[in-house]
Amino acid sequence: MLSRSPEDEDEDRPPLFQHTPVPHTVSIIGAPMTYGQPFVGTDTGPALLREYGLRGMLSRLGWRVEDVPDLSFDDLLSSSSSPSSNFASATSSSSFHAKNSELVGGGSKKVYEMVKQKFQQGSFPLILGGDHSIGIGSLASILSLYPDTGILWIDAHADLNTPTISESGNMHGMPIGLHMQGVMPPPGSPGSAGTTIAGLEWLQHENIPQLSPNNIVYIGLRDVDPAERHLIRSLKIQAFTMHEIDRYGIGHTMELALQHLLKDNPNRRLHLSYDIDSIDPLLAPATGTTVRGGLTYREAHYVAERVAYSGNLASAEIVELNPTLSHDEGARETVELGLRIITSFMGKSII
């Protein structure tokens, strides 16, 4: 089921998942991170997605499935100097804060190492969050091996904060900001993430390249901090908010997004980071940062389907499912919707 129909082949489009060697193998990587935001419960996401049938669904789509045991973050609590460690001693400004940075940083390093290993083994890494701070690690692995990868960030929020501009200090709002060229100084420079944020020293040691502002597209934004808004404009980052989706429709929006990322290299690798809060909370209530006016059911699926149909998708993650923040029915609906979104970007089609 990973191959196209004859009609699609006539259009001379690339095969699905052209960057993953045949036979296609997906490596499920559970990353039950919860320290990047204030609510308990995001750590249950990977287990629930498996419990609701993820492995069987992927197998029926034609994937070989490697289910990697969930990454363990329990040891980070004992090794962290303080559960609320904010920043390295080299920085004393009261405006500089990154909550639980040692825990988030240590967990992100584990994500980085595992995702990088699976890339090197020829697998498609499918990362199950956990909160969106796991993106610090997944992006680091992508940038270290394939720095020209195009990033599609599907989210109600820009996640472009840094400790110096964040209003909350929650690190699930920082994965893009910590890697973005023009936001944080490059590795090795004074003030870089690896030299100023406790727990992220490994970014310095690994010498992770930065993310070019031209290499990312946002889809679904509707709750953006003032400092993030300034950065998006000044760095000329391609962003399709819910306003653009309302104006152009999701079909044209996705064509513009992919055109931006693929115009110079039609075979460019793509990474999809899908935050469940991009979807309207009437459909996905079990998440921690709900904002009304999100993607509809079909818009949410079309985003996933269209990225898969490009043939260029090489890795993906889904984050911020939190069943403790809704009643039982809302939690079930959110997990089931998350599963369907995964199958859509992993190659499921209506016909």
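User: How do E1 and E3 pair, and over how many bridges?
Analyst: E1 and E3 run in the parallel sense, paired over six bridges. Strands (E, at least two residues) and helices (H or I, at least four) are DSSP runs numbered from the N terminus, and two strands pair if DSSP finds at least two bridges between them. This is a predicted model, where local features need pLDDT of at least 70, side-chain atom pairs count only at pLDDT 80 or more, and totals for chains, interfaces and linings use all residues. Residues are numbered from 1 along each chain as its sequence is written, and side-chain values use heavy atoms, leaving out hydrogens and water.

User: Ok, which residue in E3 stands opposite Gly30?
Analyst: That's Leu128.

User: And what about E3 and E8, how do they pair?
Analyst: E3 and strand E8 (residues 313–319) pair in the parallel sense too, over three bridges. There, Leu126 has Ala316 in E8 as its bridge partner.

User: Is E3 buried or exposed?
Analyst: Mostly covered: six of its six residues are buried. Buried means under 20% relative accessible area, exposed means over 50%, and partly exposed is in between (1.4 Å probe, protein chains only). Phe124, Leu126 and Leu128 are on one side, with Pro125, Ile127 and Gly129 on the other, and both faces are covered.

User: What's the phi of Phe17?
Analyst: Near 55°, a positive value in a residue other than glycine. Phe17 is also buried, with a relative accessible area of 1%.

User: Now the nonpolar core. How many residues has the largest one?
Analyst: The largest has 50 residues, and those with the most contacts inside it include Leu160 and Ile232. A nonpolar core is a set of buried Ala, Val, Leu, Ile, Met, Phe, Trp, Tyr and Cys residues joined through side-chain atoms within 4.5 Å. H5 gives the largest share of this core, seven residues. A second, separate core has 49 residues, including Leu152 and Ile341.

User: What does Ile232 touch?
Analyst: Not counting residues up to four places away in sequence, Ile232 touches Ala158, Leu160, Tyr218, Leu221, Val224, Ile237 and Ala239. Contact means heavy atoms within 4.5 Å.

User: Last one: what's the average pLDDT, and where is it under 50?
Analyst: The chain averages 91, and 91% of the residues score at least 70. pLDDT is the predictor's confidence in each residue, from 0 to 100. It stays under 50 over residues 3–10, which have ten contacts beyond four places in sequence. Residues 85–95 are also below 50. Where pLDDT is low, the predicted coordinates should not be read in detail.
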